[in-house]
Amino acid sequence: MLTCQPPAPLQPGDELHVIAPSGALRELTAFQAGVALWEAQGYRVKLSPGFDQQWGYLAGADAHRRQQLLAALQSPSCRGILCARGGFGGTRLLEEWQWPTVTPKWLVGFSDITSLLWSLGKQHISGVHGPLLTTLAQEPDWSQQRLFAWVAGHPIPPVQGTGWGGGQVTGPLLPANLTVATHLLGTRHEPPLKGAILAIEDVTEAPYRIDRMLTHWRMAGKLAGIQGIAIGRFSRCEPPDNVPSFSVEEVLRDRLGNLGIPIVSDLPFGHDGVNAALPVGVSATLNGDAGTLTIH
């Protein structure tokens, strides 16, 4: 079973490094607002050289983006790593990647950053599935404060969704973008899934694609040891116009509802809305009757 420990709590004055491991930065105003919010907490935010490069849809060549991550990890003054945006590209960094042996550091991001968070979790270090620098300023105050509280070593409250029943389970939490997580299955970066509470979200995937991914999880036996499933927002996942289809909600019910485990949907994390911070690999309790997810 996966067990992760958060890095040492951040304190005002700590240095945080900004990297762009995935897609090229486009949302400059939103990005600057996100940086300002971290600075307002008293942290010193350092932009990695060339974080704003562009190579096709990527934020620079793989070697360049990989070097940003490595430099931040190896910097003695860096206490945490803030990811600029998602998109695609994290898995490309992992092709030739070995985590260096360094003091554990915070890693914050979501969406495509799932790849790095899950790979880091295999090193027993807990990152945070939470707002990117390009999305942080759009979060409500309670969500911003939730993120800042967790990295400072403070407890965070439960989040509420819609319970599907199944009772209550406790296990390590594995939050993820479903598409990115699906493409880690069978690789050396897939974390131990047995006993975990899987928390999934996605964006701009038609219902049949969600069906295809979840069917792959089922056929590969990857859901067999999962203790519970927390479902966040599946935004802009409507079927194409004038095409016969299930809704994404119907797909989720069909592919997950017969697993016989606690499931909670409509939780406040994911794209296009509130994205409550969820730590990776720490103990959590999912109550399928009360519809709550509690971080310990």
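Select arginine 65 and aspartate 62 to begin: in this predicted model the two form a salt bridge, a side-chain nitrogen of Lys or Arg within 4 Å of a carboxyl oxygen of Asp or Glu, and their closest N and O atoms are 2.8 Å apart. Both residues lie in helix H2 (residues 62-74), three residues apart, about one turn of the helix; helices (H or I, at least four residues) and strands (E, at least two) are DSSP runs numbered from the N terminus. By this rule the count comes to ten salt bridges.

A word on conventions before moving on. Residues are numbered from 1 along each chain as its sequence is written, and side-chain values use heavy atoms, with hydrogens and water left out. Because the model is predicted, local features need pLDDT of at least 70 and side-chain atom pairs count only at pLDDT 80 or more, while totals for chains, interfaces and linings use all residues.

Next, colour residues 15-152 as domain 1 and residues 159-295 as domain 2, bounds that come from an automatic or database domain assignment. The C-alpha centres of the two domains lie 23 Å apart. Where they meet, 28 residues of domain 1 are in contact (heavy atoms within 4.5 Å) with 30 residues of domain 2.

Together the domains bury about 2400 Å² between them, 64% of it on carbon and sulfur atoms; buried area is the accessible area (1.4 Å probe) that two parts lose on being put together, summed over both. In domain 1, select Trp118, His129 and Arg146, which lose the most area to domain 2, together 35% of what that side buries.

Between domain 1 and domain 2 the count of salt bridges is zero. To see which elements of domain 1 touch domain 2, select helix H3 (90-94), helix H4 (114-121), strand S5 (128-129) and helix H5 (141-151), each of which supplies at least two residues of that side.

Now turn to the sheets, in which two strands pair if DSSP finds at least two bridges between them.

Strand S8 (residues 168-177) and strand S9 (residues 197-203) pair in the parallel sense over five bridges, and here proline 175 has alanine 199 as its bridge partner in S9.
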